[in-house]
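Hello,

Please find the structure below. My notes on it follow.

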Amino acid sequence: MDFKKSDLIEMYRSMYLIRHFEIKTKELFAAAKIPGFVHLYAGEEGVAVGVCSALRKDDYIGSTHRGHGHCIAKGGDVKYMMAELYGKETGYCKGKGGSMHIADFDLGILGACGIVGGSLPLITGAALNFKYKETNQVAVAFFGDGATNQGSFHESVNLAAIWDLPILFVCENNQYAESTHISSVMKVEKVADRAAAYGIPGITVDGNDVLAVHDAALEAIENARQGKGPTFLECVTCRHYGHFEGDADTYRTKEMVEDCKKRCPIKKLGAFLVEEGFVSEKELEEVDKNVEEEVAGAIDFAESSPWPKPEEAFTDIFVTPYY
Ligand SMILES: Cc1ncc(C[n+]2csc(CCOP(=O)(O)OP(=O)(O)O)c2C)c(N)n1
Ligand SMILES: [Mg+2]
């Protein structure tokens, strides 16, 4: 499709914001500033940005344990995200969620999720609500290749298919579930082949090509909005770092990781923008600089924010029992 210059620059900015947020998070985690567990999204930015740029603000997304990218791409503020990672009171969940539980219902971000395959039933329920109330909204479930071996994946896709729910299922195929290569746990050639078992379209795109992801997502989202049911979109991607921060990543060779970095979605879009005359190198450097300042501001905000008060340790943790 034809893209407006401002949209293209916004996609570039959003991807670079994710990348820079993750690079700084990596440093801060190593410096013991961030507690808990961290899974970085660096390398996979083309997927979150390609999909979320095709959504409306009132559409919903369900994320994964590798969720920072989805949150930023859907409009999350890196200040509140960084504060959440630090465990500070000003974070999205008042510092009680951390990296794997960031949510902002106002932005349609139903939450990151530490349970592999956990976003699928959640999003299927949200989409059932949209259909029932005829709201014309669409829900997107992000999940990894490994999650498609979970029962929750198969049950959710089947229900979404028979009920023609307004969902886009986005599989981020980075070929690994922790250290397990996809070839040892999946017999089908493409993950998208699994869609045929449920009678819905299954499409595979290059996750490093943000524009291809956007186009495929937009068509599927419009179909979902028109009541034509769900689509399964497989985006082939790769992660720049280990499964989690601290993973020695011994199951991948240096060459594999180098090759992955060469296929960087940000470099790809940046080169396209310059070659096609949308922007100059200098303008892109300016975008990078602004993003770096934004992330630096987010870190300052997190550092200077207060810790949650001990007396509020149990506030917002348990729902009020209704039995
Ligand atoms: C239900 C469940 N089983 C196992 C785990 C442990 N675990 C965390 S991430 C992960 C691998 C997920 O792989 P994939 O879905 O491909 O996502 P990726 O990490 O590659 O983005 C596993 C097994 C978990 N968090 N939840
Ligand atoms: Mg994976």
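Is phenylalanine 278 buried, exposed or partly exposed? Phenylalanine 278 is partly exposed, with a relative accessible area of 24%; buried means under 20% relative accessible area, exposed over 50%, and partly exposed in between, for a 1.4 Å probe and protein chains only.

On conventions: this is a predicted model, in which local features need pLDDT of at least 70 and side-chain atom pairs count only at pLDDT 80 or more, while totals for chains, interfaces and linings use all residues. Residues are numbered from 1 along each chain as its sequence is written, chains are lettered from A and ligands numbered from 1 in the order in which they are written, and side-chain values use heavy atoms, with hydrogens and water left out.

Aromatic residues

The structure holds ten aromatic pairs. Rings of Phe, Tyr and Trp (its six-membered ring) pair if their centres lie within 6.5 Å; planes under 30 degrees apart count as stacked, over 60 as edge-to-face and the rest as tilted. Phenylalanine 143 and phenylalanine 232 form a tilted pair, 6.0 Å centre to centre with 55° between the planes. Phenylalanine 143 lies in strand S2 and phenylalanine 232 in strand S7 (residues 231-236), so this pair ties together parts that are 89 residues apart in sequence. Helices (H or I, at least four residues) and strands (E, at least two) are DSSP runs, numbered from the N terminus. Both phenylalanine 143 and phenylalanine 232 are buried. Phenylalanine 272 and phenylalanine 278 also form a tilted pair, at 6.1 Å centre to centre and 35° between the planes. Phenylalanine 272 is partly exposed, with a relative accessible area of 31%. One aromatic cluster is formed by Phe143, Phe153, Phe169 and Phe232.

Metal site

The magnesium ion (ligand 2) is coordinated by Asp145 (OD), Asn174 (OD1) and Tyr176 (O), at 2.0 to 2.2 Å. Aspartate 145 lies in the loop between strand S2 (139-144) and helix H6 (151-162), and tyrosine 176 in strand S4 (residues 176-177), so the pair ties together parts that are 31 residues apart in sequence. Donors are N, O and S atoms within 2.8 Å of the metal (3.2 Å for Na, K and Ca); water is not among the atoms, so sites may look incomplete. Aspartate 145 and tyrosine 176 are buried.

Helix H4 and lysine 79

Seven of the nine residues of helix H4 (residues 78-86) are buried. Helix H1 (5-30), helix H3 (68-73) and helix H10 (281-304) are among what covers them. Lysine 79 is found in helix H4 and is partly exposed, with a relative accessible area of 30%. Leaving aside neighbours within four places in sequence, lysine 79 is in contact (heavy atoms within 4.5 Å) with Ala298 and Phe301. The charged end of lysine 79 sits over the ring of phenylalanine 301, 5.3 Å from its centre; this requires NZ of Lys or CZ of Arg within 6 Å of the ring centre and within 35 degrees of the ring normal. Just after H4, glycine 87 takes a positive phi of about 85°.

Nonpolar cores

A nonpolar core is a set of buried Ala, Val, Leu, Ile, Met, Phe, Trp, Tyr and Cys residues joined through side-chain atoms within 4.5 Å. The largest has 65 residues, and those with the most contacts inside it are Val51, Met82, Leu168 and Leu269. H1 gives the most to this core, with nine residues. A second, separate core of 24 residues includes Ala160, Val191, Ala195 and Phe232.

Regards
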